[in-house]
Amino acid sequence: MRLDLTILIPHLGFLAEGALLTAEVCALALIGSVILGMLVAIARTSSNTWINRLAFAYVDLFRNIPFIVQLFFFYYGLPEIGIYIDAFTTGVVALSIAGGAYASDAIRAGILAIDNGILEAAEVSGLSKRVTFSRIVLPIALRTSIRPLGSVLINMILTSSILSTITLNELTGQAKIVASDTFRPFEVYVVLLVVYAALTYLVSIGITLLHRRLNRDLEVQVS
C-alpha cells in the first residue's frame, strides 16, 4: 500500500478542531490540577494528623486507579445516582483530579526543598506563618516545581486521548472519525503519531524555557 497523505488535506480543519478541543481540555485541567495539587500539598505538610492522612489517601487512591476507570465512573457511574455531567466537563474534572495527585507530589517536594534560612529570615522580619507561606513558601515552591508540573501537563496531553471513549471528539476522537470516513487508518494514525509527538516536544521545550526564566536568580546565586 502506498502512503498518500494528500487524502487528509480536506480533513485538516476537522482534525484541527479536535486539536483545539484537546488544548482547551488540557489547559483547564492543568489549572484544576495545580489548584488541587497546591491544596493537597499544603494538607500533606500539615501538622494535623487527620488532614495529612486524608491528603495521602487521596494521592494513593487516584494514583493507583487506572484513569479510564475513573473516567467511566464519572461519566457512566454518576448518572446512576442522579448526577449528570457532560463529556467536556467530565474530561476536565477527571483529568484535574487525576493530575492533582501527581501535581501535589511536585509542589510538596518544592515546599520541603525550601531553605530553612528563608523561613528563619521571614520569622525574624515579623511575618506571620500564613503570610510567610502564601507570599514566600508557595511562590518559591511553584517556581521550583515547574519542570515536574510540566511532566504532569505532558502526561495529561497523552492521557486526554482516552476522552474519546466518552464521546468527546478531541484530537483522537476526530482522527477516528476521519479514519472511518476515508478508510485510510494508516495515514490518519501516522499523522496522529506525529502531532502528539510534536505537541509534547514543544511543551517540553516551553517548560524548560519557562523554568530557566523563572529561576534565573537562583541559578545566578548557585554559580
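This is a predicted model: local features need pLDDT of at least 70, side-chain atom pairs count only at pLDDT 80 or more; totals for chains, interfaces and linings use all residues.
Residues are numbered from 1 along each chain as its sequence is written, and side-chain values use heavy atoms, without hydrogens and water. Local features need pLDDT of at least 70, side-chain atom pairs count only at pLDDT 80 or more, and totals for chains, interfaces and linings use all residues.

**Cores**

A nonpolar core is a set of buried Ala, Val, Leu, Ile, Met, Phe, Trp, Tyr and Cys residues joined through side-chain atoms within 4.5 Å. Buried means under 20% relative accessible area, exposed over 50%, and partly exposed in between (1.4 Å probe, protein chains only). The largest nonpolar core has 42 residues, and Y58, F67, L95, L163 and L168 have the most contacts inside it. At least two residues of this core come from each of α1 (12-44), α2 (49-63), α3 (67-77), α4 (87-112), α7, α8 and α9 (185-214). These helices are DSSP runs (H or I, at least four residues), numbered from the N terminus. Apart from this core lies another, of 11 residues, including M38 and A141.

**Aromatic rings**

The structure holds 4 aromatic pairs. Rings of Phe, Tyr and Trp (its six-membered ring) pair if their centres lie within 6.5 Å; planes under 30 degrees apart count as stacked, over 60 as edge-to-face and the rest as tilted. Two of the pairs are listed here.

| Pair | Centre to centre | Angle between planes | Type |
|---|---|---|---|
| Y58 and F62 | 5.2 Å | 50° | tilted |
| F73 and F74 | 5.6 Å | 65° | edge-to-face |

Y58 and F62 both lie in helix α2, 4 residues apart, which is about one turn of the helix. Y58 counts as buried because its relative accessibility is 14%. F62 has a relative accessible area of 17%, so F62 is buried too. F74 is likewise buried, at 12%. F72, Y75 and Y76 form one aromatic cluster.

**The loop residue T165**

Where is T165 found? T165 is in the loop between α7 (146-159) and α8 (171-182). With a relative accessible area of 31%, T165 is partly exposed. Not counting residues up to four places away in sequence, T165 touches L71, F72 and Y76; such a contact means heavy atoms within 4.5 Å. T165 and I68 are 97 residues apart along the chain, and their C-alpha atoms are separated by 8.6 Å. A polar atom of the T165 side chain lies 2.6 Å from the backbone oxygen of I162.

Technical notes. A polar contact is a pair of N or O atoms within 3.5 Å; within protein, one must be able to donate a hydrogen and the other to accept it, and residues adjacent in sequence count only if both atoms are side-chain atoms.
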